[in-house]
Amino acid sequence: MSFPVHRPRRLRKTELLRNLVRETRLSPASFVYPLFVCPGTSVRQEVASMPGVFQQSADRIVEDCREVEGLGIPSVILFGLPETKDPRGESSLQASGVVQRAVEAIRRAKLNLAVITDVCLCEYTDHGHCGVIENGEVANDATLAILAEQALSHARAGADIVAPSDMMDGRVAAIRKKLDENSFQDLPILAYAAKYCSGFYGPFREAADSAPQFGDRRSYQMDPANAREALKEVALDLEEGADMIMVKPALPYLDVIRRVRVEFSVPLGGYNVSGEYSMVKAAAQNGWLEEKRVVLEILTGIQRAGADVILTYHAKDAARWLK
Ligand code: PBG
């Protein structure tokens, strides 16, 4: 039975009907807004390659968080731009570190926000890699203890969720063990489980000042060509104790989001990364794309693919448009 019995256009006739049968409903309730914390006070410096995104000192971060809360967005993820960098990323461990201080400031403001902290070394090492260097290579096992210490210091500062993004093997287990030994057995871990070695992180590396000073991240981040391997990475992270998982970037990997959604039942995040944001911004500024329309279409697509949670720099704009 086909046309003229079936006419799919019948249910597209009015917005009322379209809304009634809509399968995917985008809501700010599933957004996480990324923030870049720098030292100092009253600092708010726009990132050239990411219009509308700023490096901000903790006091300004708190103001931004107030706005985020008011827009109905439940969560932020913090990235740090430390005062000093060294080969081992020591500044990432200090109780007085940029991220730790910002978490405390957000806590003091008593905002109803889940504060996620990105756990990684690349923003804190002078070489810009996500782990320590031994014999010219990013050393896996030597990095684990530092990541675990960093996660613990974020927990002590008051983080609600820690999110390791380094892609070292075994880091979720190392962090879980460290947290448990220090009475943080109830603190969830959001693992960047399937994180691809992507050109779409370009603008972020300006925002977080975290570009590798030699080589690239191919020996630890995933090969863009692999999807089955993503399922293995997710399975391993879950075995090690991850509570939530993430696929990153989102747009070139919607198939991976879908496959992970089908195979696993835990909450799944999709990270709509810096390059995906900047492309839209640049095209919109040139009048080549209608920003509101494409942003909502992109976020709907990420959710439709299977993401429960969407990390996106568009979060505040999208929340306003969805009101
Ligand atoms: C690493 C990290 C990166 C991003 C989040 N965490 C960059 C990288 O791996 O080079 C990228 C986020 C984005 O591009 O928006 N700490």
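1. Ser278 has a relative accessibility of 12% in this predicted model, and Ser278 counts as buried because the cut-off for that class is under 20%. The residue belongs to helix 9, which spans residues 274-285. Beyond the four places on either side of Ser278 in sequence, its contacts are Ser49, Met50 and Pro203.

2. Helix 9, residues 274-285, also bears on the ligand site: Ser274 is among the residues that come nearest to the ligand, together with Lys195, Arg205, Lys248 and Tyr313.

3. For Tyr313 the distance is 2.5 Å. For Ser274 the distance is 2.7 Å, and for Arg217 the distance is 3.0 Å. On its own the ligand has 400 Å² of accessible area, and the protein covers 100% of that area. The ligand takes up the space of the largest cavity.

4. Ser153 lies in helix 4, residues 140-157. With a relative accessibility of 10%, Ser153 also falls under the 20% cut-off and therefore counts as buried. When residues up to four places away in sequence are set aside, Ser153 touches Ser92, Leu93 and Gln100.

5. Ala307 is 154 residues away from Ser153 along the chain, and the C-alpha atoms of the two are 29 Å apart.

Terms used:
Residues are numbered from 1 along each chain as its sequence is written. This is a predicted model: local features need pLDDT of at least 70, side-chain atom pairs count only at pLDDT 80 or more; totals for chains, interfaces and linings use all residues. Side-chain values use heavy atoms; hydrogens and water are left out. Helices (H or I, at least four residues) and strands (E, at least two) are DSSP runs, numbered from the N terminus. Buried means under 20% relative accessible area, exposed over 50%, partly exposed in between (1.4 Å probe, protein chains only). Contact means heavy atoms within 4.5 Å. A residue is near a molecule or strand if one of its heavy atoms lies within 4 Å of it. A polar contact is a pair of N or O atoms within 3.5 Å; within protein, one must be able to donate a hydrogen and the other to accept it, and residues adjacent in sequence count only if both atoms are side-chain atoms. Accessible areas come from the Shrake-Rupley method with a 1.4 Å probe; for residues, only the protein chains shown count as cover. On a 1 Å grid over the protein atoms alone, a cavity is a set of points where a 1.4 Å probe fits but cannot get out, and a pocket is an open set with protein on both sides within 12 Å along at least five of seven lines; lining residues have an atom within 4 Å of a point. A molecule sits in a cavity or pocket if more than half of its atoms lie within 2 Å of its grid points.
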